[in-house]
Amino acid sequence: MVAQNVFFYLLAGIILFSAFRVVTSNNVVHAALYLVAVLAAVAAEYVLLAAEFVAATQVLVYIGAIIVLFLFGIMLTRAKLGSDQDLTHPHWALSAATAVVMFGVMGYALVDQFHWTATPLPADTRLVSVDGSNSATVSDSVFTAYLVPFEVVSVLLLAALVGAIVLARKD
Amino acid sequence: MFALDPLFSGTFDGAVFLIVLAKVVIAFALLLVSVLFMIWFERKLHADMSNRLGPNRAGPFGILQTLADGIKFFFKEDLLPDRADKRIFILAPFLSLVPAFLVFSVIPLGGVFTAEKQGIVTVFGRETYVQLADPPIGVLLILACSSIAVYGVMLAGWSSGSKYPLLGSVRATAQMVSYEAALGLSVIAVVMLAGSLSTHDMVMVQAGEGFGGILPRWNLIATGVVPFVIFVIAGTAELNRPPFDLVEAEQELVGGFHTEYSSIRFALFFLAEFMNTVTMSAIIVTLFLGGPAGPTFFGPALMWGPIWFASKLFLFLFMFVWLRATLPRFRYDQLMDLGWKVLIPISLGWMLLLASLNVAGDAGWNTFVVAGAAVLIGLVAYLMLAGAIATSARRREQAELEGSIR
Amino acid sequence: MGQYLPVFMLAVLAILFAAISRVASQLLAPSATTVAKRSPYECGIVPGRETLERFPVRFYLIAMIFIVFDIEIIFLYPWAVIYRNLGAGGLFEVLVFTLSVLVSFVYLLSNGALDWGPAKQSRVLSPMVSADRTTLTTVRRVGLDGRPDGDVNHDEEAA
């Protein structure tokens with residue numbers, strides 16, 4: 001478990017550093033890549049917490065699709081190479097305050113729920129999951145307990161696609 | 001079903017670490033050697049197919065040609081273009097190469113896949129699989145690696161600060177992303193049969209008694225060939241290999257996304273490209289052709305796993321070269337039409353058909369009624385899609401007549 | 001987590017391999033750069049303009065549509081693992097899910113979001129320049145453009 005703790009803090013450090021660079025970097029593409037680093041490190045944290053399916057989803061959807069969209073948007077429209085400009089928004093202090101408040105609220109919710117107790121990791125993932133794969137446990141809950149959110153997601157996706165087409169086509 | 005490498009179920013000590021280290025080094029070396037072979041094989045075979053000699057100077061049959069070329073790369077000047085974004089320019093080859101390596105870690109390379117042995121071998125008193133790692137989400141790891149590999153291509157093109165690489169990389173990204181969807185959908189049929197995402201389980205499922213005693217129990221047959229065909233096509237497109245090599249269409253884009261790369265940096269891209277070809281063949285073999293599972297004849301049973309695996313792998317390496325030597329390149333609109341309007345709907349429909357037939361079989365419903373309903377639904381879906389495509393074509397024609405084409 | 005140790009180690013080995021070859025090449029390779037060598041490759045022509053600034057919005061759309069399909073696929077995987085246990089109920093849920101994606105996909109297609117090539121030419125070409133000729137003979141199809149007597153294409157466009 002020592003190795004796990006070491007890796008946890010290592011990854012946490014990477015996340016914090018990259019997240020900081022996302023907001024301070026003067027090049028939009030660099031900022032997007034630091035965001036990729038944040039997301040990848042979060043995915044690695046999920047693996048450490050035995051939530052492998054969530055980790056794979058994180059990589060496939062966020063890194064593999066959403067940041068690709070970001071980069072496309074940046075590369076195809078504005079970012080000329082080496083065009084470092086001052087990207088700091090005039091109201092950055094306000095945003096920072098909002099972020100701190102958000103962090104406080106979420107941290108409070110977590111502590112309120114779990115009261116500083118540690119939930120031990122399963123020593124062997126096979127013990128807690130069906131067929132040795134935690135995608136089976138995930139699907140159990142997705143298709144039973146969380147059925148309504150699941151179907152709502154599909155409607156959300158529909159709305160997203162229609163929105164995309166409307167935005168992209170200005171006939 | 002029993003997933004997870006038994007190596008890690010006991011206590012983790014030095015011996016386990018040494019076994020892991022040995023496996024990693026062997027897999028690494030094996031992959032590099034097979035890539036060197038593949039490059040030579042492609043050049044030689046492609047030369048034969050186009051009635052040339054091909055490499056024939058370095059070593060017997062020119063087999064050392066790749067090695068010689070590789071060494072030569074070390075002595076070439078490495079240029080960093082003036083307009084390049086330096087850091088990303090340096091990072092991009094790594095993003096291409098590392099995922100190419102990682103895919104290989106979940107490929108089963110050998111083992112005896114009988115009911116008792118379960119593909120387990122004993123090394124120094126420890127039980128393990130003849131595969132580097134067997135995470136429970138094996139297939140998703142493969143998909144994740146291919147989605148990271150997109151970054152190598154995209155960033156290489158963008159950071160070069162030159163026209164052709166940028167065009168090539170934008171094309172490549174859109175192409176890889178499009179075919180990744182078809183790739184992911186066609187694998188679902190295999191996942192349904194195995195009831196697991198682990199690659200070892202997938203081989204186990206295909207190792208049992210064959211169909212009718214003659215045909216092997218491969219997913220190729222069990223899923224009804226369609227997912228296999230889609231996977232091979234989408235895989236070829238994902239590799240940016242001919243006939244899907246618009247990314248480096250040399251007549252229009254010089255070298256595509258790596259035009260500005262030279263010396264060892266170019267060599268890393270080149271290596272990644274061929275490594276992807278080898279690993280993609282290995283994935284096809286694992287998912288659809290039973291991987292290392294197969295009948296054993298004489299000698300130790302353990303010997304036959306790698307032999308089966310290598311011969312199946314060779315088949316697909318040959319196929320990729322054959323495709324390159326035979327087919328002309330797609331046009332970009334044909335490429336996109338094939339991916340989005342043909343492969344994705346078909347793989348989705350086929351997957352749902354298989355699922356409904358199996359569910360109906362379990363529930364004891366009348367198979368013919370279910371099949372009839374499925375065909376009806378499929379027909380309706382087809383008509384909707386065809387109608388949509390026709391509508392779009394009509395609109396565009398109208399727009400062109402009015403002279404307002406964008 | 002031990003399952004991922006070999007994957008991690010292979011990644012480290014791959015990075016080391018790339019980095020060491022890079023260092024080796026730096027030590028072995030000559031370094032004599034000139035401005036010409038370091039300028040963007042444009043087939044020997046001195047680059048005059050910046051690289052392209054704008055691309056067709058279609059590329060962006062592809063990435064957007066891909067997100068939707070990616071999420072759909074990632075939901076289908078856990079279902080595919082245990083779909084036999086879920087039975088008819090699970091199948092029905094997935095069918096509904098797929099239907100909603102199909103509907104938006106049909107909308108996309110009918111709006112031409114995935115059309116790339118030029119619109120189909122509805123114009124009838126003269127037999128002199130028909131596609132059959134090119135597949136039947138090895139004579140290259142040139143048509144009658146610019147010839148004094150038979151300017152077929154021009155006539156048809158006028159008509």
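**Helix packing and chain contact**

Author: In this predicted model, α5(B) and α12(B) cross in a left-handed manner (the near helix is turned anticlockwise from the far one by less than a right angle). Helices are DSSP runs of H or I of at least four residues, numbered from the N terminus.

Reader: At what angle do helix α5 and helix α12 of chain B pack?
Author: The angle between α5 (residues 163-194) and α12 (residues 332-363) of chain B is about 15°, and their axes are 9 Å apart. Axes are lines fitted to C-alpha atoms over the stretch in contact, with angles from 0 to 180 degrees between N-to-C directions. α5(B) is therefore roughly parallel to α12(B), a term for angles under 35 degrees.

Reader: How many residues does each chain give to the contact of chain C with chain B?
Author: Chain C gives 64 residues and chain B gives 81 residues; residues are in contact if their C-beta atoms, placed from the backbone, lie within 7 Å.

Reader: Which element gives the largest share on the side of chain C?
Author: That is α3(C), with 22 residues.

Reader: How should I read the labels and limits?
Author: Residues are numbered from 1 along each chain as its sequence is written, and chains are lettered from A and ligands numbered from 1 in the order in which they are written. As this is a predicted model, local features need pLDDT of at least 70 and side-chain atom pairs count only at pLDDT 80 or more, while totals for chains, interfaces and linings use all residues.

Note on methods:
Contact = placed C-beta atoms within 7 Å. Helix = DSSP H or I, 4+ residues; strand = E, 2+ residues; numbered from the N terminus. Parallel < 35°, antiparallel > 145°, perpendicular 65-115°, else oblique.
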